[in-house]
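Please work through the exercises below with the sequence and the coordinates at hand. Each task is followed by a solution in steps.

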Amino acid sequence: MPRMHVTDAASATPASATDPRGRRAGRGARALRGGTALGVALLSLLAAPAPAVSAQPRPTAPPAAAAGVPQPDLAGLRDVLRTATEQGAPGAMARLDDGGTAHWYTVGVADRSAGRALGAGDRFRIGSVTKTFSAVVLLQLVDEGKLSLDAPVNRHLPGLLPDDRITVRHLLSHRSGLYDYTNDLFAQTVSGFEAVRTKVFTYRQLVDLSLRHARTTDPGGAYSYSNTNFVVAGMLIEKLTGHPVGTEYQRRIIEPLKLRDTFYVHPDTAIPGTHARGYLTPDAPATALVDATRQTVSWAQSAGALVSSTHDLNTFLSAVLRGQLTSAEGLEQMRRWVPAGTGQAYGLGLRRRDLSCGVSVYGHTGAVQGYYTYAFASADGRRSLSALANTSNSARVHATMLRTLDSAFCGTGAGTGTKARKGVAAPHERAEDTAPATVRE
Ligand code: REY
């Protein structure tokens with residue numbers, strides 16, 4: 001169990017608050033040590049307004065609370081994280097940004113061997129939230145007149161796909177019918193992971209793995225989540241810009257938004273700076289967690305290999321939804337929805353979740369070995385919630401972590417407090433943002 005460490009800076013002012021990314025601690029921070037077995041850190045401060053975007057300046061409205069969204073249930077949010085650690089996650093954390101006010105909570109450990117408590121500024125692997133970054137880059141290329149959403153992919157990548165009718169829009173909305181090769185790679189969780197941990201794939205090798213299988217739909221048919229789509233998206237980015245995807249994330253998103261914790265290090269296996277280690281849950285019950293921190297994530301690349309932090313993810317999603325990274329038309333395209341399971345829809349690299357209280361939130365989840373990531377914002381981008389559990393392949397932890405959204409956007413009305421249900425995810429939730437066959441029951 002993590003050592004007890006509670007920090008409460010709820011009344012801190014900007015000048016005195018502790019920044020979770022490691023800036024100075026001030027007089028507002030109050031450290032309490034005591035007798036419970038569980039570590040909980042709570043910090044809350046008035047944060048600076050979102051940074052202006054330098055590459056594509058857009059008018060930035062002053063911070064204001066999200067419109068039409070109930071007050072968050074902060075105690076419920078903390079309880080959800082605590083539950084995730086009780087269910088086997090070594091650590092869990094969340095950061096909520098609401099119209100200029102930030103709250104963050106961490107529970108448990110970043111490193112089981114060292115016993116280091118999870119820090120609110122710790123970096124982690126964000127898995128498929130990377131897809132939203134890739135979609136934004138492609139929508140910027142559309143804005144620049146270099147790409148049309150309804151153009152056949154093969155126009156830019158001649159002969160790559162077996163059907164000329166597959167368009168860029170089909171890729172970004174998971175309606176290409178391209179089979180998800182990760183079904184095959186990770187049918188066996190731990191051995192599958194170890195087989196690719198240090199591998200470096202070319203994009204084409206990943207596409208070839210997919211094309212061994214029949215397609216799942218005709219082009220433009222029903223939504224079927226597939227990493228293959230966003231591998232092809234990465235190929236498009238590289239073909240159209242002449243640069244590696246990492247360069248384009250950097251110059252189009254990371255630098256303009258001043259995201260100091262966001263990195264595309266593929267094929268390096270290390271996460272730069274202070275980070276949470278990731279612990280993969282094996283399929284066999286009562287087996288030891290596997291430290292999966294070091295890996296190339298080459299099996300995902302532009303579909304899932306970015307590293308980030310809760311701070312940066314909130315900044316990013318808020319910027320996406322406020323139209324700071326694309327034209328208004330580009331954002332509108334991202335928010336053209338296709339059905340994607342009960343209470344969910346998918347746009348272009350963006351998921352909509354319709355919560356029990358009637359509020360819809362927009363973002364993505366991510367699952368790479370050792371890391372479950374959740375990054376969503378209100379329609380106006382004014383409230384954003386990013387959360388991490390440093391484990392994966394656990395349907396229970398995933399179901400619990402999804403409840404961070406109810407706490408953050410539905411408030412106490414959602415029944416997310418200590419008495420809330422601790423069930424498993426519904427089938428459509430289990431299949432979210434991962435290859436259907438890689439989902440653990
Ligand atoms: C890959 C398997 C899931 C994860 C996937 N991830 O498609 C994308 C994402 C990039 O972020 C692995 N599960 C786990 C298994 C199950 O191996 N047999 O949970 O770590 O959504």
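The model is predicted, so local features need pLDDT of at least 70 and side-chain atom pairs count only at pLDDT 80 or more, while totals for chains, interfaces and linings use all residues. Residues are numbered from 1 along each chain as its sequence is written, and side-chain values use heavy atoms, with hydrogens and water left out.

**Exercise 1.** Determine how helices α2 and α10 are oriented to each other, and which residues meet.

Solution. Helices here are DSSP runs of H or I with at least four residues, numbered from the N terminus. Step one takes the axes, which are lines fitted to C-alpha atoms over the stretch in contact, with angles from 0 to 180 degrees between N-to-C directions: α2 (residues 129–143) and α10 (residues 310–321) pack at about 40°, with axes 12 Å apart. Step two classifies the pair as oblique, the class left once under 35 degrees (roughly parallel), over 145 (roughly antiparallel) and 65 to 115 (roughly perpendicular) are set aside. Step three lists the contacts (heavy atoms within 4.5 Å): Val129, Thr132, Phe133 and Val136 of α2 meet Leu313, Phe316 and Val320 of α10.

**Exercise 2.** Is helix α12 mostly covered or exposed, and what follows α12?

Solution. Step one places α12 at residues 395–410. Step two applies the cut-off for buried, under 20% relative accessible area (1.4 Å probe, protein chains only), and finds 15 of the 16 residues of α12 buried, so that the helix is mostly covered. Step three moves past the helix to Gly411, whose phi is positive, near 70°.

Note on methods: Helices (H or I, at least four residues) and strands (E, at least two) are DSSP runs, numbered from the N terminus. The expected span of a helix is 1.5 Å times one less than its number of residues. Buried means under 20% relative accessible area, exposed over 50%, partly exposed in between (1.4 Å probe, protein chains only).
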